[in-house]
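Please find below a colleague's note on the structure under review. It is arranged as numbered points for reading beside the coordinates.

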Amino acid sequence: MSSNIPDRAKPWVSIIVASIIIAALLFATIRYFFFSSPDHAQKKASQPAKPPGRVHQYAAPDHSKQEEKKSIDAKDMSQAQELIPLFLKAYIPWDVKQQPNSNIEKSKEYMTESFYKKVSATQQRYTLDMKRRTVTNIELTPADIRQAVQWWDADIEVQQTDASGKVSTNYLLFVVKAKWENEAWKIDDVGVRTGEWSL
């Protein structure tokens with residue numbers, strides 16, 4: 001205790017502080033046992049929630065409407081797995097001697113129309129020191145397989161040639177979205193596995 005408090009007031013200050021602590025503990029205990037009980041939670045859940053004023057609430061997308069009604073057989077499902085390496089072998093390689101978006105044009109046949117428009121609207125920019133990139137190996141792992149949409153993780157081994165002619169091996173980690181469209185699988189999105197989409 002502070003030396004400014006007279007000796008005969010020190011016991012009273014201690015009693016008041018102890019009473020406040022006991023009251024706080026008692027309040028917390030009552031609140032925990034009575035207001036967080038399952039009965040109280042049911043009563044609270046049964047009350048209709050008041051919508052907040054002027055806050056827009058968006059409903060989650062209904063994925064059942066996005067799925068195709070036609071069932072897709074196992075042969076059609078495996079075609080997506082065959083399509084992705086073909087697309088990546090056309091989309092990933094580049095050479096500074098070619099036009100900047102030539103890889104997009106080469107991979108156009110594998111893309112949905114909307115994805116092609118999105119990707120071709122942005123010009124590809126390459127690093128100054130790299131002159132060429134080729135794909136040497138692609139490993140696919142299914143990430144999320146549905147009837148009309150499939151997500152695949154792609155580990156792509158590439159060889160890059162720098163300005164001095166030195167060749168180095170590098171790995172690109174992509175996520176590829178294949179979509180069932182017009183009775184065929186098409187690539188609808190591709191991105192680096194860090195969350196960046198549409199290179």
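The points below concern a predicted model and take up strand pairing, salt bridges, aromatic pairs, a helix face and a surface patch.

1. Pairing of β3 and β4. Strands β3 (149–162) and β4 (167–181) pair in the antiparallel sense over 13 bridges. Within this pairing, V158 stands opposite N170 of β4. The hairpin has four residues between its strands, and G165 adopts a positive phi near 95° there.

2. The C-alpha atoms of G165 and R132 are 9.4 Å apart in space, although the two residues are separated by 33 positions in sequence.

3. Pairing of β4 and β5. Strand β4 also pairs with β5 (residues 184–192), again in the antiparallel sense, over eight bridges. V176 has V190 in β5 as its bridge partner. Two residues lie between the strands of this hairpin, where N182 takes a positive phi near 55°.

4. The side chains of D188 and K177 meet in a salt bridge at 3.2 Å, N to O. This pair links distant parts of the chain, with D188 in strand β5 and K177 in strand β4, 11 residues apart. Both D188 and K177 are buried.

5. Since R132 belongs to strand β2 (residues 130–145) and D95 to strand β1 (residues 94–95), the pair ties together parts that are 37 residues apart in sequence. R132 is partly exposed at 40% relative accessibility, whereas D95 counts as buried at 17%.

6. Salt bridge of D7 and K10. In this pair the closest N and O atoms are 3.6 Å apart. K10 is partly exposed at 24% relative accessibility, while D7, with a relative accessible area of 64%, is exposed.

7. Aromatic pairs. A search of the whole structure gives two. The ring centres of F87 and Y91 are 5.0 Å apart and the planes lie at 20°, so this pair is stacked. Both residues belong to helix α4 (residues 74–91) and are four residues apart, about one turn of the helix. Residues three or four places apart in an α-helix point the same way, because there are 3.6 residues a turn. F87 and Y91 are both buried. The other pair, W180 and W185, is edge-to-face, with 5.4 Å from centre to centre and 70° between the planes. W180 counts as buried at 4% relative accessibility, and W185 counts as buried at 6%.

8. Buried face of α6. Which residues of helix α6 (residues 113–120) are buried? Among them are F115, Y116 and V119. These three cover an arc of only 100° around the axis, which means that they lie on the same side of α6.

9. Nonpolar surface patch. L26, I30, Y32, F33, F34 and F35 form a nonpolar patch on the surface, and together they have about 710 Å² of accessible area. One of these residues, F34, is found in helix α1 (residues 10–35). At 57% relative accessibility, F34 counts as exposed, because the value is over the 50% limit.

Note on methods
Residues numbered from 1 in each chain as written. Predicted model: local features only at pLDDT ≥ 70, side-chain atom pairs only at ≥ 80, totals over all residues. Heavy atoms only, no water. Phe/Tyr/Trp six-rings, centres within 6.5 Å; stacked < 30°, edge-to-face > 60°. Buried < 20%, exposed > 50% of the residue type's maximum accessible area, 1.4 Å probe, protein only. Arc of directions from axis to C-beta. Pairing = 2+ DSSP bridges. Patch = residues over 30% accessible without salt bridge, like charges linked within 9 Å, V, L, I, M, F, W, Y side chains within 5 Å. Areas by Shrake-Rupley, 256 points an atom, 1.4 Å probe, with all protein chains shown as cover. Salt bridge = Lys/Arg side-chain N within 4 Å of Asp/Glu carboxyl O.
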